[in-house]
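User: I'm new to this one. Can you walk me through it?

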Amino acid sequence: MSEDTKDLHTGTYLAKEYDITSGRISQIINKLDASDKLIKSGNKKFIPKDLEDKIRKQLDGSIEDRNKSTDDVLLAVNKELRERIKELTDEKRALRADLDKANNNINGLVQSTMSLSNKLEAIEAPKESGKDIIEKDYESRVSKLQDELQQERSKGFFSKLFGN
């Protein structure tokens, strides 16, 4: 390295600093029409300070533009996501309302079924009780008639004729 290139950088150095390819640095130099301003020292080409400043401004501007573009994209995506979240929240509320209605309908049907079941039990219970009552009444009447018949048979002829 000579004394006049001691504080100068190469395109490769700038490329590493900005995490880009050295080909991108060459493109910027060509765009600035500054290929003839490079200082050759051995097999390396050094960039003069004024050209390096222009390259850095170009790179910093493209980074800012890229960041601004990225920010715009992120803002648009953020807006779209917020809208989608709102839509999904509204859909969730509507589905919750539908589910609540369905639950209320189910509860109503369950209560109605239970009421009908209770009414059916109430109707069938007396049937069985009525049947039991009729059977018991029948048995008691038959028993009473048998007792009366027995008493009549045990009475004599004159007591039947004249009573007691």
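Analyst: Let's start with a pair in a helix. Glu52 and Arg56 are four residues apart in helix α3, so about one helical turn separates them. Helices here are DSSP runs of H or I with at least four residues, strands are E runs of at least two, and both are numbered from the N terminus. This is a predicted model, where local features need pLDDT of at least 70, side-chain atom pairs count only at pLDDT 80 or more, and totals for chains, interfaces and linings use all residues. Residues are numbered from 1 along each chain as its sequence is written, and side-chain values use heavy atoms, leaving out hydrogens and water.

User: What do Glu52 and Arg56 form?

Analyst: A salt bridge, with the closest N and O atoms 3.0 Å apart. The term means a side-chain nitrogen of Lys or Arg within 4 Å of a carboxyl oxygen of Asp or Glu. Glu17 is linked with Glu52 and Arg56 in a salt-bridge network.

User: Is Glu52 buried or exposed?

Analyst: Buried, at 3% relative accessible area. Arg56 counts as buried too, at 18%. Buried means under 20% relative accessible area, exposed over 50%, and partly exposed in between (1.4 Å probe, protein chains only).

User: How many salt bridges are there in the whole structure?

Analyst: Five. One of them joins Asp90 and Arg93, at 3.4 Å from N to O. Asp90 is partly exposed at 33%, while Arg93 is exposed at 56%.

User: New topic. Which residues make up the largest nonpolar core?

Analyst: Twelve residues, among them Leu14, Tyr18, Ile29, Ala34, Leu51 and Leu59. Helices α1 (11-18), α2 (22-31) and α3 (49-154) each supply at least two. A nonpolar core is a set of buried Ala, Val, Leu, Ile, Met, Phe, Trp, Tyr and Cys residues joined through side-chain atoms within 4.5 Å.

User: What does Ala34 touch?

Analyst: Leaving aside neighbours within four places in sequence, Ala34 is in contact with Ile29 and Leu51. Contact means heavy atoms within 4.5 Å.

User: And the strands? How do β2 and β3 run?

Analyst: Antiparallel, with three bridges joining β2 (residues 39-41) to β3. Strands pair if DSSP finds at least two bridges between them. Ile39 stands opposite Phe46 in β3. The two strands form a hairpin with two residues between them, and Gly42 in the turn has a positive phi of about 70 degrees.

User: What does β1 join?

Analyst: Two bridges join β1 (residues 9-10) to β3 (residues 44-47), again antiparallel. His9 has Ile47 as its bridge partner in β3.
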